[in-house]
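Let's go through this one as a set of quick questions and answers. Have the structure open next to you.

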Amino acid sequence: MTDSLTEHLVVPVANEADATRTARALQAYEFDQVTVVYVIEHTADAIDILSPEQAREHGQDALEAFRAVIPDAGSETVAAADVVDGVLAVAADVDATAIAFQPRGGSRIVQLLSGDTALRLVTEADRPVIALPGGEEDESEGARGEDT
Amino acid sequence: MSEADQELARDLGFLEAYTIGLGTMIGAGIFVLPSIAAKAAGPASMISFALGGVVSLLAALSLSELATGMPKAGGSYYYVNRALGPFFGSIVGWGMWAGLTFASAFYMLGFGQYLLPLLTPHVDFLASMSGLGKTVAALVMAALLTGVNYYGVKETGSLQNVIVITLVGLILGFLTLGLLSGPSIGEFNPEGWPAVAATVGTVYVTFIGFEVIATSAEEIKNPSRNLPLAMIASVVTPTILYVGVMFVSTGTIPLDVLAASEVPVKLAAEEILPGFASAIPFVSVPSSLLAAIGGTVMILGAVLATVSSANASILSAARVNFAMGRDEILIDWLNEVHDRFRTPYRAISVTGILTLVLIGIGVGVGTLAEVASFMYLVTYALVHVAVVVLRRANPDSYEPTFRIPSVLYPVVPILGGLACVGVLIQMSTRMVPYTLAVGGLSVTSPFQLTVVGGIGIVLVAFGVAWYYLYARDRAPSETLVGEAIAPAPATAADGDGTYRVVVPLANPASERDLLRLAAASARTHEDSEIVAINVIEVPDQTSLAQDLTFEEERVERQQELLEAARDIAADLDVGLRTRAIVGREAGSVVLDMIAEEDADQVVVGWAGPRGRREHVLGSTVDPIVSRASCDVTLVKRGERAGGDVLVLAGEGPYAPVAARRGTEYAAATDGTVTVCNVQPPGDGEESTATERGEELVEAVIEQAGIDDPDETRVVVDEDVKETLLSIAGEYETICVGATRSSALAQAMFGSLPERVAAETDRTVAVARGPEESPLSIGEAIARRLES
């Protein structure tokens, strides 16, 4: 028996703008069930730069933005040492058929600093990963020229 | 759909919490302060450090109780704001921010002081400009730290443990060797005891770090035990180390040399180590080399310590900013999270820039430390007051898992508060008579204000001014001080005898229904009136007046809406007053109106479920429903209006209020009232379930004090929700009581009848009684005098 690739998608989002864009990109296709995920990153033994409460509020904004476009989406907030671990944990948890995400642009140096999440997600995932198109707009809209 | 989120995987045990505390406590203080303290109070400054530890220990106890009772970001600021209101909230919020900024500037200058001697032998041009050099080093490091946190470089965090262990090891080594080398103390207390007391103020900066543990409260495992333990341990450990370092330093190097040095611990190490040259077996090591090694190692330690302390300060400041923004004491602009780096980059940048400015304008290292201490002593004094206020007011939401043991309460907060105030007075005044002569008049004050006292008072005054000029209009002015003063239990004050129903209106379509229900309640009272209000919301950036001129259209719409309300009232034959208001946020304006009008009930329309969590019912309705001090009726419009009324009698505390509303509504339209309860069969016989239901229904009717309803129904069925829904379909209006709980979402939709209310297409009124709203201080004192 073969499963549909889009039977249950797990979709990570990073912030409000990213959530809206990702949801719109996803909307253009057919899928069955979708769970949108926000990962709160925390360091193991030191103070986090973003307080967990603020991170949670930030995450809620993002999840709501996603559900404003796709109201049926389930949502999860998880805390993990890094984004990729968190996404994979949720995907395993809900037994997702695939992970769909929108790669975000950014200069080489920024990708280096952030450990190139997209690459790690693709290489470390234990299930199919779908890259949604349209992520490059990020440069002008999301980052507002504040990187590098 | 999964709703099971918000689980924070992170669990800090005692050891982790302790390390985090130590990481911020064993910082610059121990390396930079010995010379400043020695200069001020000689070897007796050991006592100053010990006293600082005691003051912190008392604060740690109070903070532990508050932190387990309210685990929130922002620490002391949050507790004080909650307990004492936004006036003190502004003072403490700004105070902590200023304190942390001064502290990080202090740490960075300390960094510069220690780094320079490491570089100067190798970089010639630095040697010639040592004064400027350390400032430049401090500026560069501060900028670097700001950048690291702005860009959210993750790896910094994992170094924390290594740094802490290294530092503790270094200092223990220093102490052991130092004590073995036989230090000899000269004159113990050359400057006298007042100087020792004032020095507590100087060195207190080194004790401000333990608060970080409080801000991690919600991530700590078994907080009732681990949190106070970690706090106490991370106060006691450094206190012992500080006292030891002070003892060794003052005992090893002459006081005047120590006082003049910018790198006291390095000097001491250089002095101590050569003595051990002969103790090293097999190889002969020249003592000068040992001195150099000792000095360098201490420098490296100091560099690590200053950087980690400054880092913690900058991050703590961002959390205080966040908490203040959430309470609307500060512009939320600061709390924007960076899209890519996920850092509170604006808060971090602003704190970083202020730190750079403080370093740049050349505030002395001692003054920086003292101002930081000053602000935190003010903060902790208020923290002690907050504990007492919360204990006495005892609001429902305050259930600390750790309480100051009964033998120590109220001794700890009282002693702690007095200790803070004592140190504050000692450090900000000099007992030198000061005469102010203006013309013929002269006033002689027995003391003079020190520079630190002056700066500190200006900063506190800034917080006060900020409250009056900015925060007062925005932040909900809640304080529990009134509750704490008033004799318990306080009941809601009675008004002037007029039953007043406030109805916020926004939507012309629902206007009539809301007013009809308000009128139904009003009619049952002899002397009653309805106050219809509409709020035009003006965004924060624009001034209220300026925006109005551009918003003629909205004003016109407001007029139309209220005009229509008057017409409807005339139809319904009920007294109505209208109020057109321009304000920042409709929710808080309505709350103000409820208080101002001394309302007995507020009737709020609700469009139906929309977003989740952030606003349960909508940004305007949320604050009203959760905070109004009178009866609240939340109305969801159904297909039909009026007619027969169904009251769902559950176990919630507000079912009787719902029954009262239902009776009022039915009377207004000559409909019938049915009080109904659905029971699951449970384990026993069906008859027992029926009995249970009947008892509930009877209790609700009795508590509501209404006439017997037209019908009572008790149904026993496995699927309670479906049964309720199908019964609801037989009626036009459904009344249901809210649940009492602090969480808004739970308050409105926690119980089964309420979920039914949300799903049915009938008109639904969710009723709740008055929230025990905090009394104002004036009211409380009045009540106390009366009783």
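Q: In which helix is B:Ser313 found, and is B:Ser313 buried or exposed?
A: This is a predicted model, where local features need pLDDT of at least 70, side-chain atom pairs count only at pLDDT 80 or more, and totals for chains, interfaces and linings use all residues. Residues are numbered from 1 along each chain as its sequence is written, chains are lettered from A and ligands numbered from 1 in the order written, and side-chain values use heavy atoms, leaving out hydrogens and water. B:Ser313 sits in helix 14 (residues 287–326) of chain B, helices being DSSP runs of H or I with at least four residues and strands runs of E with at least two, numbered from the N terminus. Its relative accessibility is 5%, and buried means under 20% relative accessible area, exposed over 50%, partly exposed in between (1.4 Å probe, protein chains only), so B:Ser313 is buried.

Q: Which residues is B:Ser313 in contact with, leaving aside its neighbours within four places in sequence?
A: Contact here is heavy atoms within 4.5 Å. On that basis the partners are B:Leu100, B:Ala103, B:Ser104 and B:Tyr107.

Q: What does B:Thr101 touch, not counting residues up to four places away in sequence?
A: B:Thr101 belongs to helix 5 (residues 86–119) of chain B, and at 3% relative accessibility it counts as buried. The residues it touches are B:Thr351, B:Leu354, B:Thr355 and B:Leu358.

Q: Are helix 2 and helix 9 of chain B roughly parallel or antiparallel to each other?
A: The axes of helix 2 (residues 28–41) and helix 9 (residues 193–203) of chain B come within 9 Å and cross at roughly 160°. Axes are lines fitted to C-alpha atoms, for helices over the stretch in contact, with angles from 0 to 180 degrees between N-to-C directions. Under 35 degrees is roughly parallel, over 145 roughly antiparallel, 65 to 115 roughly perpendicular and the rest oblique. Helix 2 and helix 9 of chain B are therefore roughly antiparallel.

Q: Which strands stand at the edges of the open sheet in chain A?
A: Five strands of chain A line up in the order 3-2-1-4-5, with parallel pairing; two strands pair if DSSP finds at least two bridges between them.

Q: How many residues of strand 3 of chain A are buried?
A: Both faces are covered, with A:Gly74, A:Glu76, A:Val78 and A:Ala80 on one side and A:Ser75, A:Thr77 and A:Ala79 on the other. For strand 3 (residues 74–80) of chain A, the buried count is seven of seven.
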